Amino acid sequence: MSLTEKQKKWIITHFKHTKNDEIMQKFGITHYAIHCFAREHGLKKTKQFQRKCQLAAAEAGRLANKKNNWPPKGYVIPKSKDFCFKPGVTLEQRLGKKKNQQRIKNLSITRKKLIAAEKRRVLFGLEQKTKLKVVPAAKEKINCRYNLRRRGYIVARGAREILYNENTNRSAIIERNAIEKHRFILKES
């Protein structure tokens, strides 16, 4: 690749938001040369630029199809009926018993990872990325319920509601921890 220092500097500066075809025309180099240069210098296109190019290509395809009147009315993708979901056919029938069990196992692993990640976010005070209701430390929640019951609060097993009455030995600190850390709801009975 025979590029001058000035040309190299231009490519490094403009690579992230310029199409490769434009760079090829400007400097008379090949695709291979551009990719090698980009790899050597760790250059990448920005996500905004990639999205802009994708939208432009989709729009150009839509306009070309509209101009050529494609797809014609009543067009069906070839062999689409063979590979689409059929009513009454379960995933186990479609995939087979072994593949379906593997699919279920992979789903459970993925869900456990997602829940663990959400627990870490809640534990460190970061914003949650899903609407899952997670508790960062389940044992702490169990201990909190136990301490509340010892003080006379009414807490049903597995419930999020804490009830108190005149016989309850109330504690502002325990109530605050229960509400903030473990998302309990405090009500008077």
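Helices (H or I, at least four residues) in these legends are DSSP runs, numbered from the N terminus. The model shown is predicted.

**View 1**
Pro71 is found in the loop that runs between α4 (47–67) and α5 (80–83). The peptide bond joining Trp70 and Pro71 is cis, with omega about -5 degrees. Asn69 lies in the loop between α4 and α5 as well, and its phi is near 55 degrees, a positive value in a residue other than glycine. With a relative accessible area of 59%, Asn69 is exposed. Lys79 is another residue of the loop between α4 and α5. Phi of Lys79 is near 60 degrees, again a positive value in a residue other than glycine. Lys79 counts as exposed, at 61% relative accessibility.

**View 1. Helices α1 and α2 are in contact and roughly antiparallel.**
Helix α1 covers residues 5–14 and helix α2 covers residues 20–27. Their axes come within 12 Å and cross at roughly 170 degrees. Angles over 145 degrees count as roughly antiparallel, and α1 and α2 are therefore assigned to that class. The crossing of the two helices is right-handed. On the α1 side the contact is made by Gln7, Trp10 and Ile11, and on the α2 side by Ile23, Lys26 and Phe27. By residue class, this contact of α1 with α2 divides into four nonpolar, one polar and one charged.

Leaving aside neighbours within four places in sequence, Ile12 is in contact with Phe37, His41 and Leu43. Pro71, the proline of the cis peptide bond with Trp70, is 59 residues from Ile12 along the chain. The C-alpha atoms of Ile12 and Pro71 are separated by 42 Å.

**View 2. Helices α8 and α9 cross with left-handed geometry.**
Helix α8 spans residues 138–150, and helix α9 spans residues 172–182. The axes of α8 and α9 come within 11 Å and cross at roughly 150 degrees. This pair is therefore roughly antiparallel. The crossing in which α8 passes α9 is left-handed. Glu140, Lys141, Cys144 and Leu148 of α8 make the contact with Ile174, Ala178 and His182 of α9. The residues of this contact divide into four nonpolar, one polar and two charged.

Not counting residues up to four places away in sequence, Glu175 touches Tyr153, Arg170 and Leu186.

**View 3. Cys36 and Cys144 are buried.**
Cys36 has a relative accessible area of 17% and is buried. Cys144 is buried too, with a relative accessible area of 9%. Cys144 is also one of the α8 residues in the contact with α9. A disulfide is taken to be a pair of cysteine sulfur atoms within 2.5 Å. By this rule the count of disulfides comes to zero.

Note on methods. Residues numbered from 1 in each chain as written. Predicted model: local features only at pLDDT ≥ 70, side-chain atom pairs only at ≥ 80, totals over all residues. Heavy atoms only, no water. Axes fitted to C-alpha atoms, helices over the stretch in contact; angles between N-to-C directions. Parallel < 35°, antiparallel > 145°, perpendicular 65-115°, else oblique. Left-handed = near helix turned anticlockwise from the far one by under 90°. Contact = heavy atoms within 4.5 Å. Nonpolar A, V, L, I, M, F, W, Y, C, P; charged D, E, K, R; others polar. Buried < 20%, exposed > 50% of the residue type's maximum accessible area, 1.4 Å probe, protein only.
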